[in-house]
Amino acid sequence: MMKLTKTLFDGLPGISKFDLQYLHNDPIFQKYQSFSSDLNGIKEAILEKKSNYKNRKSFIHAIKIQHKDIQHSAVIQSIRDLEQDNCYSVTSAHQPCLFGGPAFFIYKISSTINLASKLNTEFPEHKFVPIFYLGCEDHDFEEINHLNLFNNKIVWTKDAKGACGRLSNEGLEEVKNTILSLFENQPEKKALIEKLLTPPIEEHNYKLAMRSFIYSLFA
C-alpha cells in the first residue's frame, strides 16, 4: 500500500516568496489581476465572462478546424461542452518542448486538468474544460529541442528556422531511439515508451507530433 503524506505548499522547498505572495492573495498583486486566485475570484470571473463573452462561436469554429481529425472521445466531448453558454475553460500554455521537456510541462497540464475537475465539483451548475495552448509559433529552437532523462541531455539536432510547430519531424526517430536505449534492461517500459512516441513521430510536422504526444498521455 502506498503511503500518502500531505505537505503545506508553504513548506515545500524551492517555492519562491513571490509565488507564496500570489497564493495568499497579497495586496501587491491587486493592481495586476482582475480576480483573486481562489474560488471567490473564480466565481467573480464566471459572472464577468457570462455577461461579456462574445467570441464563443468564433472560438468553437477555430477549435473544430484544429481538431477535425481527432478521435479521442474525451476531446470531442469537451468541444461539445464548450459550445454551451454555461461552459468555461481553464487554460494554460507552454512552448512545445521536446516530448514534454522539463517536468514542469507535464505538471502544468496535470494541474489544469485537476483544476477544471475541481471546479466542476464546486460549481455543478456550470461546466469547465481544461485547455492547453501549445505555443508552436515559438522560434527559439534551442529552447525546445532537448530533454533531460536520468541525467542525460537528449537533443533533437537539425537545421531549424522559423516557427517550431512548422518543422518537419526529421531527426525525431533518432531522439526516440536514444530514449529507448536507456531502457534496454526494462522491456515493458521500453515497449510502453515506443508505443507512446512512435505515432507522434509519424505525424506531418512537429506541431501535430506534440499534439499527438500530449493526447496520448492525457486523452
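## Aromatic pairs

Rings of Phe, Tyr and Trp (its six-membered ring) pair if their centres lie within 6.5 Å; planes under 30 degrees apart count as stacked, over 60 as edge-to-face and the rest as tilted. In this predicted model, local features need pLDDT of at least 70, side-chain atom pairs count only at pLDDT 80 or more, and totals for chains, interfaces and linings use all residues. Residues are numbered from 1 along each chain as its sequence is written, and side-chain values use heavy atoms, leaving out hydrogens and water.

Phe18, Tyr22 and Phe29 form one aromatic cluster. The whole structure holds nine aromatic pairs. In one of them, the ring centres of Phe18 and Phe29 are 5.2 Å apart and the planes stand at 70°, so this pair is edge-to-face. Phe18 sits in helix α1 (residues 17–23) and Phe29 in the loop between α1 and α2 (39–52), so the pair ties together parts eleven residues apart in sequence. Helices here are DSSP runs (H or I, at least four residues), numbered from the N terminus.

Phe18 is exposed, at 53% relative accessible area. Phe29 is buried, at 10%. Buried means under 20%, exposed over 50%, and partly exposed in between (1.4 Å probe, protein chains only).

## Helices α8 and α9

Helix α8 (residues 187–201) packs against helix α9 (residues 206–218) at about 150°, with axes 7 Å apart. Axes are lines fitted to C-alpha atoms over the stretch in contact, and angles run from 0 to 180 degrees between N-to-C directions.

From α8, the contact (heavy atoms within 4.5 Å) uses Leu196, Leu197, Pro199 and Pro200. From α9 come Ala209, Ser212, Phe213, Ser216 and Leu217.

Terms used. Helix = DSSP H or I, 4+ residues; strand = E, 2+ residues; numbered from the N terminus.
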